[in-house]
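Morning, everyone. Please have the sequence and the model open while I talk. I will start with a question.

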Amino acid sequence: MEAVIAPLHVEQLNITVTDKILVHDPSKCTGCCQCMIACAYKHFKTFDLEYALLQVHEDPLQPGRFINAHCSHCVHAMCLAACPKEAIYRDENGIVRISPLKCVGCGICSYACPISIPKKHPRLNIYMKCDLCDGDPVCVKMCSAEALKLLPREEAFKIVAELRGGSP
Amino acid sequence: MKRYGYFLGCVMPVKMPWAEKAVMLVAKHLGLHFDYLRGTTCCIRPGVWKPLDYDAWLTLTSYNLALAEEQEVVLVDSCNGCWISHYETLQELRENSEKREMVASYLKGIGKPFPEHVEVRHFLQVLYEDVGLEKIKRKVKRKLNLRATRHIGCHARKLGDDVLPRYFDEILEALGVEIIDTPYDKMCCGLLLFLADPERSVYERVERKLNYAYEQEADFCALICSGCYDQFDRAVRILRKEAEAKGELPKACSVPVVHLAELMALAFGYKPEDFGMQHLRCTPVDRLLAKLQGC
Amino acid sequence: MSERASGAKLHWLRLLKAAERLTKTKLSEEIQVHPWRRPLPSEAPPPAKPALARDYEVGLVYPVTDEAIEARAACGLPKIPPTAHLYRDSVYEKRRLLEALGVLKRFQFNGIERRFKY
Ligand code: SF4
């Protein structure tokens with residue numbers, strides 16, 4: 001499938017990051033979990049939500065509103081910095097990936113990530129995380145409510161700042 | 001004048017025949033050139049097939065579009081799932097030449113035309129844009145004067161909250177239904193979630209919606225999507241079965257789930273027997289009808 | 001550093017390089033590369049199987065049951081809806097499409113016995 005993301009070079013850090021990231025708008029999300037199901041199927045050929053690499057949770061403070069935890073393929077990736085086995089790397093498109101061959105399942109990445117995105121494989125002793133479907137995320141395609149979007153970083157930051165109530 | 005071909009889908013003909021009849025009655029009453037789209041297969045359900053096999057989803061959906069092309073009608077869906085399938089496929093076919101060719105070759109293999117000129121409309125679009133709210137208002141013989149919660153469904157939000165959800169609300173209000181806003185209005189019915197996590201889809205989606213409706217003393221819960229009805233129907237049956245074992249009727253099982261077309265038919269002066277409103281219901285509508293007769 | 005130690009380090013680096021080469025694949029491919037992650041024989045998720053089988057059998061998700069026929073008659077509708085239930089040709093065409101798309105093979109669905117192999 002044609003990749004819809006492109007690598008973006010960050011001069012100061014001398015790294016390459018993805019130009020687009022996922023953004024979720026809780027005010028639009030309906031909690032249908034289609035994104036999770038599609039994700040689990042795409043990566044593990046199952047509908048089991050345990051395997052989904054992004055999570056939709058109901059807002060505990062506001063019933064009927066849903067929040068989504070997904071990987072942002074950060075510029076300062078904590079998981080990558082914390083991994084003692086160099087199992088986490090940035091590929092040529094800037095997608096932050098975990099190599100299942102090198103991962104020893106210590107789980108430090110999960111602790112290091114501010115929102116604990118890397119999660120343990122339900123059966124194997126390795127950690128797994130979003131790989132942005134190699135550039136064409138299936139979750140975005142599945143979201144009819146258009147709550148999940150793939151946007152350029154700058155735009156995404158603005159939207160997230162707005163969602164948090166701060167000025168863009 | 002446009003000729004419409006109504007896409008029945010999977011659920012409506014076997015689980016909600018009253019809605020099917022009501023849609024036909026209402027369309028005729030509004031003077032539309034409205035008939036069935038014949039020979040249709042499953043739409044094909046986007047939630048399952050899109051992740052399973054994107055190309056298969058495109059092709060099998062195009063099959064139904066090809067039927068509309070053959071029968072020279074505007075395809076009308078009242079189920080949001082069917083609509084989104086047709087709508088998105090059409091968009092993809094228009095934008096992506098590779099997929100176009102692929103679909104065309106598969107369709108050619110079975111001797112079907114490529115859906116070149118097909119138009120897809122949601123039943124709400126037909127009612128609101130093609131017929132117009134004014135005409136609907138004129139046709140209303142008696143205001144319903146009922147209170148209801150409503151469930152519009154996820155896929156209907158595709159065009160934004162200002163299109164299909166607004167149409168739905170305005171039509172309901174034109175029929176004299178007082179809409180009760182709930183915190184769970186946006187929440188999904190849990191149809192696809194049922195495949196992954198049945199418990200969550202029954203107890204945290206449908207039950208909560210209907211419980212809230214009960215607490216607010218709503219007469220019914222209005223919807224338009226057959227896919228959502230399928231989930232409501234299944235969940236209510238599960239809840240009832242469980243309750244029977246315990247010996248108490250849960251609140252969720254006393255709020256009937258009603259299709260928009262039924263309400264329109266009632267407001268246009270049809271009797272419930274005209275479209276068999278009482279048959280094959282997951283929740284009996286007797287109380288609702290008694291209240292209607294009373295006013 | 002002794003010669004042995006630096007040799008070991010070199011060896012380790014070589015191994016690391018090899019692993020890197022191996023793992024710079026896509027997650028979807030990795031699943032197939034490693035023996036312990038071989039995809040299951042059928043790609044059809046179990047909860048969706050009954051509906052997928054009916055897709056092949058009747059072309060739609062639900063068959064028309066006796067109960068439905070009765071209710072349809074009571075609602076003043078024809079007993080069999082004018083979908084693929086009535087127009088059987090559509091079902092055969094859909095089956096041909098499923099066959100051509102290779103879906104049956106992927107899901108290991110046997111069209112004659114009407115069941116999934118796994
Ligand atoms: S698919 Fe979209 S609406 Fe549904 S749960 Fe995911 S983000 Fe929310």
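Where in chain B does B:I44 lie? B:I44 sits in the loop between strand 2 (33-36) and helix 3 of chain B. Helices here are DSSP runs of H or I with at least four residues, strands are E runs of at least two, and both are numbered from the N terminus. The peptide bond from B:C43 to B:I44 is cis, with omega near 15°.

Some ground rules. This is a predicted model: local features need pLDDT of at least 70, side-chain atom pairs count only at pLDDT 80 or more, and totals for chains, interfaces and linings use all residues. Residues are numbered from 1 along each chain as its sequence is written, chains are lettered from A in the order in which they are written, and side-chain values use heavy atoms, without hydrogens and water.

Over to chain A. A:D134 has a positive phi of about 55°, although it is not a glycine. A:D134 lies in the loop between strand 9 (127-128) and helix 4 (138-142) of chain A. Why mention such things? Because most residues other than glycine have a negative phi, and most peptide bonds are trans.

Now chains B and C. Here 41 residues of chain B are in contact with 37 residues of chain C; contact means heavy atoms within 4.5 Å. The two chains bury about 3300 Å² between them, 69% of it on carbon and sulfur atoms. Buried area is the accessible area (1.4 Å probe) that two parts lose on being put together, summed over both. In chain B, B:V14, B:L52 and B:I110 lose the most area to chain C, together 17% of what that side buries.

What about charges? There are four salt bridges between chain B and chain C. A salt bridge puts a side-chain nitrogen of Lys or Arg within 4 Å of a carboxyl oxygen of Asp or Glu. The side chains of B:R45 and C:D55 meet in a salt bridge, at 2.8 Å, N to O. Several helices of chain B each supply at least two residues of the side that touches chain C, among them helix 2 (17-29) and helix 12 (226-246). Helix 4 of chain B gives the most to that side, with five residues.
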